Amino acid sequence: MFRRFERVPKTPLKQKIKDIGTTINDIRKGNTLSIEEFEKRISICKECRFYHKYTTTCNICGCMMKVKAVSPSMKCPIDKWLPSNLGIQGSNEDERNHNR
């Protein structure tokens, strides 16, 4: 009658809030991953058993993976992908300050 779901360890609320803050700061600074690196992370998520395809969220950390995966500072909660310096499309703050 009811389908049994595997119990998964949940990420603590403090960690979730910290992850959201880190992602927002990266996006505000213009530090995002390249399209190729982003798509690589998302494809890894889509193959994971903890990925919820209808909401595009992770059942462990509860994050929207399309938002979390764009941030170079973030990592998968079960370490399927790690923070990366590869493919970062950041804005150069020196150029912005120089143009003021």
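Helices (H or I, at least four residues) and strands (E, at least two) are DSSP runs, numbered from the N terminus. By this rule the protein chain contains four helices and four strands, in the order α-β-α-β-β-α-β-α from the N terminus on. The model is a predicted one, in which local features need pLDDT of at least 70, side-chain atom pairs count only at pLDDT 80 or more, and totals for chains, interfaces and linings use all residues. Residues are numbered from 1 along each chain as its sequence is written, and side-chain values use heavy atoms, with hydrogens and water left out.

**Confidence**

- The predictor's confidence in each residue is given as pLDDT, from 0 to 100; the mean for the protein chain is 81, and 76% of its residues reach 70 or more.
- Helix 2 (residues 35–47) has the highest confidence, at a mean of 94, and helix 4 (residues 93–98) the lowest, at 41.
- The pLDDT is below 50 over residues 92–100, a stretch that has one contact in the model beyond near neighbours in sequence; contact means heavy atoms within 4.5 Å.
- Where pLDDT is low, the predicted coordinates should not be read in detail.

**Burial and the nonpolar core**

- Residues are called buried under 20% relative accessible area, exposed over 50%, and partly exposed in between (1.4 Å probe, protein chains only).
- Of the 100 residues of the protein chain, 31% count as buried.
- Among contacts between residues at least 6 apart in sequence, 65% join residues at least 24 apart.
- A nonpolar core is a set of buried Ala, Val, Leu, Ile, Met, Phe, Trp, Tyr and Cys residues joined through side-chain atoms within 4.5 Å; the largest has 14 residues.
- Cys45, Tyr51, Cys58, Cys61, Met65 and Trp81 have the most contacts inside this core.
- Methionine 65 is in contact with Ile42, Cys45, Tyr51, Thr56, Thr57, Cys58 and Trp81, leaving aside its neighbours within four places in sequence.

**Cavity and pocket**

- On a 1 Å grid over the protein atoms alone, a cavity is a set of points where a 1.4 Å probe fits but cannot get out, and a pocket is an open set with protein on both sides within 12 Å along at least five of seven lines; lining residues have an atom within 4 Å of a point.
- Grid points are joined across faces, edges and corners, and a volume is the space filled by probe spheres set on the points.
- The count comes to one cavity of 30 Å³ or more, and the largest cavity has a volume of about 90 Å³.
- This largest cavity is lined by 13 residues, of which Cys45, Cys48, Cys58, Met65 and Cys76 lie nearest its centre.
- For residue classes, Ala, Val, Leu, Ile, Met, Phe, Trp, Tyr, Cys and Pro count as nonpolar, Asp, Glu, Lys and Arg as charged, and the others, Gly among them, as polar; the cavity lining has 12 nonpolar, no polar and one charged residues.
- The second largest pocket holds about 160 Å³ of space, and its lining has three nonpolar, four polar and four charged residues.
- Helix 1 (residues 13–29) gives the most to the lining of this pocket, with four residues; the lining includes Thr11, Asp19, Lys68, Met74 and Lys75.

**Individual residues**

- Aspartate 19, in helix 1, is buried, with a relative accessible area of 10%.
- Aspartate 19 is in contact with Lys68 and Met74, leaving aside its neighbours within four places in sequence; its C-alpha atom is separated by 9.3 Å from that of lysine 75, 56 residues apart along the chain.
- Serine 71 lies in the loop between helix 3 (65–68) and strand 4 (88–89) and counts as buried, at 0% relative accessibility.
- Not counting residues up to four places away in sequence, serine 71 touches Thr22, Thr23, Asp26, Leu33 and Arg41.
- Serine 34 is found in the loop between strand 1 (32–33) and helix 2 and is buried, with a relative accessible area of 10%.
- Threonine 56, in the loop between strand 2 (51–52) and strand 3 (57–58), has a phi near 55°, a positive value in a residue other than glycine; threonine 56 is buried, with a relative accessible area of 14%.
- Aspartate 79 also has a positive phi, of about 60°, although it is not a glycine; aspartate 79 is partly exposed, with a relative accessible area of 46%.
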